[in-house]
Amino acid sequence: MGKNRHLPLFETRPGRGLVLFRWYAASIFIAICFIFWYRLTYFPAPETTTETWVWVGMFLSELWFTFYFFITVVVRWNLVFRSTFKDRLSARYEEEALPGVDIFVCTADPRLEPPTMVISTVLSVMAYDYPPEKLSVYLSDDGCSDITFYALLEASRFARLWLPFCRKFKVEPASPEAYFQMSAERVVHDSAMPHEWSIIKKSYQDMKSRIETVTRSGKVPADIREEHDGFYEWDLVSGRLDHPTIVQLLIDGRDPNAVDNEGKALPTLVYLAREKRPQFHHHFKAGALNALIRVSSRISNASFILNVDCDVYSNNSKTIRDALCFFLDEENGHDIAYVQYPQTFKIAYADIRIPDILNVSIMINMVANDERIDCVLNASKLELAGFDGNGGTFYAGTGCVHRREALCGMKYSKELKATKSDRKIRETASSIEQDCKALASCTYEENTQWGKQMGVKYESLVEDILTGMSIQNRRWRSVYFNPERTAFLGVVPTTLLDTLLQHKRWAEGQLQILLSKHCTLLYDRQNMPLKLQLSYCNYMLWAPNSFATLYFVIVPAFCLLKGISLFPSSLVEFVWCGGTVRGWLNEQRMWLFKRTTSYLFAFIDHILKLCRFSKPAFVVTRKVADDDVNRRYEQEIMDFGSCSPMFTILATLALFNLFGLVATGDVVLKVSDIFGFQILLCCVLVFINLPTYQAMFFRRDSGKIPASVTLQSLTFALLASALAMY
Ligand SMILES: O=c1ccn([C@@H]2O[C@H](COP(=O)(O)OP(=O)(O)O[C@H]3O[C@H](CO)[C@@H](O)[C@H](O)[C@H]3O)[C@@H](O)[C@H]2O)c(=O)[nH]1
Ligand SMILES: [Mn+2]
């Protein structure tokens, strides 16, 4: 100890190439100034009214894009990256002295989120390289499904085999599903392993097929129900949204018999389906997390809380130790409220071509344990690092370790003492379960600060961003950490519609924040520096962004600004992050699609909700796709395949631009003598839209755009063109 005490547990470095980036940003800024100068000096004569309006509209959109450009630069101005010293942590803390950690996994629907996927995630976090007596894993099931409960019961048994196996062979990733998909070749090299490997693999596959059989039948058979008392709780369930709380301690960490096959303790494992009643709003994932915070405080009350979505498995068994390096640092750790890991999405394992049609994505190739994992990093990786440099990263909803007090609403102050967790309470599991029922009931939160000042916030569909903001506004700091071996891998939606719907929810949630009293720009400058508030604007303004973009797509007069300087991420940055030119093109395509549909719909929907015409809803993202969809996804073919007004808009805009280009008559010429870039812009838009035309006219598979959508769009586009001509 002694000397060691003063060595920091983590280190912070500024991003590489920052100077280059700043020069680049400055040069673009100068270009923008020229454009404004041009706009102001060449204003059209007052008698040409149409031109004047087009001109003014363009000017406004340009102003908007310039502002957006400005805040995009603000986020990237101070990138910082962190690294940890886990060996110092181990040297400083005996295993018994390490703090407790509670892990929350959320699931909501057994059809969209298959129970086998959920338990693979649960098993991956149970297998963390951390003293198991200190770990408690909670599964919140908003689907209140006895099948999910059954799957978790199976997992609690399989854990007895799986955990020792992971320990012995340092298995990574510790999600059995992911591991067995990728480890076949590797085993050959490890002579000690094959025998055990095949036993465990067989046992996993047997379990998986049992669960799948039950899932397919939609019902837990009577003989299985006999195996655990917990199943009788479902006798009182009248529906997914009408049932009492169900809490089951599947593994009670205090029980000396709760050990794995090698006699080592197992982490506590709890199933929770909070009470739901039709007359109470359940607040989606935020409500689930708050119920988990209270229930876990009664059971394990650990000082740190990791939360993951059910489709986000642990890919790195050291993640908890990494996070603790930040929290436990004597010098700089006391005011850190949460450590956010990036959201990384797994696309495919080695040998499969990596599709990047859908995501705003950056490819990285990771070499770990001789295996190549290809994964796609959400573009927010840079943004997370940028937020961190500006005062604290945002909370992204998954892959985040929180300090319990900060999450529960406490203000940061120097005197704050960590609450000690005490797991020595001698009580029966059933009396604990009884207390927990009350904690997770619908009425518990009535007239309390839960969802407002305490816990995860309710006022937005992106509860994560809002919660992070309010924690920062209470003077806490937060950090972003991206270890060499990716910490978590999640699933991305595979169809275009799913992606657009997901972005619609995000944009809507962001708009809710913008229009609420929590609007970032209203925060106290001392608690949240201006640069951080401006950084948040990058997200808050998604929905309003759709108008400027629509203008720019419909009134093709934007070329210079658009392609070259005002896209949110430039080709240079993308390639710099290890992307490909093709990936960049796809990113531009999704950029256009999202802004002209998701964001627009989010805006309209939110207005309707404000006028009470519709109710808020959390559309859970589908995590399974049929084989056809998956094949197309792997072949990088965009999947339309359903009738959605979003597709009608996309197709109409695509056709409109095509007509504009083909006609090159009045419509285009009218403005092209002012700017001369219109034709080029049209070409770019048509080029970006090539897959859309293909999906309308040339494809035969089930992922094509349905004929009815094509017909509608043709009609609209023709009408619009006719209108524009006269
Ligand atoms: O009523 C609900 C709805 C959802 N969920 C869970 O919330 C998570 C996220 O839902 P998903 O449909 O996968 O949404 P994503 O768009 O992938 O989620 C992102 O965006 C959400 C906010 O919109 C954040 O909460 C998530 O952490 C973030 O990963 C999943 O584990 C769900 O099971 C619930 O527990 N209860
Ligand atoms: Mn998800």
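For "transmembrane region", the unreviewed UniProt entry lists residues 21-40, 52-79, 536-558, 564-585, 640-662, 674-693 and 705-725. In the predicted model, the span 21-40 is 100% helix and 0% strand, and its end C-alpha atoms are 29 Å apart. The span 52-79 is 89% helix and 0% strand, with end C-alpha atoms 42 Å apart.

The protein chain as a whole contains 27 helices and 15 strands. Of its 726 residues, 48% count as buried. Among contacts between residues at least 6 apart in sequence, 83% join residues at least 24 apart.

Eight-stranded arrangement is found in an open sheet of 8 strands, ordered β5-β6-β4-β3-β7-β13-β9-β14, with mixed pairing. Strands β5 (246-251) and β14 (477-480) stand at the edges with a single partner strand each, so one side of each is left without a neighbour in the sheet. From one strand to the next, the twist averages 20°. Strands of a sheet pair through backbone hydrogen bonds, in either a parallel or an antiparallel manner. For β5 and β6 (residues 268-273), the pairing is antiparallel and extends over 5 bridges. Within this pair, leucine 249 stands opposite valine 270 of β6, and isoleucine 251 stands opposite leucine 269 of β6.

Although β5 is an edge strand, β5 is mostly covered, with 6 of its 6 residues buried. Helix α5 (residues 146-169) lies across β3 (101-107), β4 (135-141), β5 and β6, and runs at about 15° to β5. Burial is also recorded for helix α11 (residues 319-327): 9 of its 9 residues are buried, so α11 is largely enclosed by the rest of the structure. The buried residues of α11 are Thr319, Ile320, Arg321, Asp322, Ala323, Leu324, Cys325, Phe326 and Phe327.

Ligand 1 has 24 residues around it, of which Ala108, Phe284, Asp309, Gly397 and Thr621 come nearest. The elements that give two or more residues to this shell are β3, α10 (284-299), α15 (463-473) and α16 (496-515). Helix α16 gives the most, with 4 residues. By residue class, the shell around ligand 1 divides into 10 nonpolar, 7 polar and 7 charged residues.

Several backbone features occur in loops of the model. Most residues other than glycine have a negative phi, and most peptide bonds are trans. Glutamate 172 and proline 173 are joined by a cis peptide bond, with omega at about -10°. Proline 173 is found in the loop between α5 and α6 (176-182). Cysteine 144, in the loop between β4 and α5, has a positive phi near 40°. Cysteine 144 counts as buried because 25 C-beta neighbours lie inside 10 Å. Asparagine 447 also has a positive phi, of about 55°, although it is not a glycine. Asparagine 447 is located in the loop between α14 (429-439) and α15. In contrast to the buried cysteine 144, asparagine 447 is exposed, with 6 other C-beta atoms within 10 Å.

Notes:
Residues are numbered from 1 along each chain as its sequence is written. Chains are lettered from A and ligands numbered from 1 in the order in which they are written. This is a predicted model: local features need pLDDT of at least 70, side-chain atom pairs count only at pLDDT 80 or more; totals for chains, interfaces and linings use all residues. Two strands pair if DSSP finds at least two bridges between them. Axes are lines fitted to C-alpha atoms, for helices over the stretch in contact, and angles run from 0 to 180 degrees between N-to-C directions. Two residues are in contact if their C-beta atoms, placed from the backbone, lie within 7 Å. A residue is near a molecule or strand if its C-beta atom, placed from the backbone, lies within 6 Å of it. Ala, Val, Leu, Ile, Met, Phe, Trp, Tyr, Cys and Pro count as nonpolar, Asp, Glu, Lys and Arg as charged, and the others, Gly among them, as polar. UniProt positions are given in the numbering used here, feature names are shortened, and annotations may be inferred rather than shown by experiment. A residue is buried if 20 or more other C-beta atoms lie within 10 Å of its own, exposed if 12 or fewer, and partly exposed in between; C-beta atoms are placed from the backbone.
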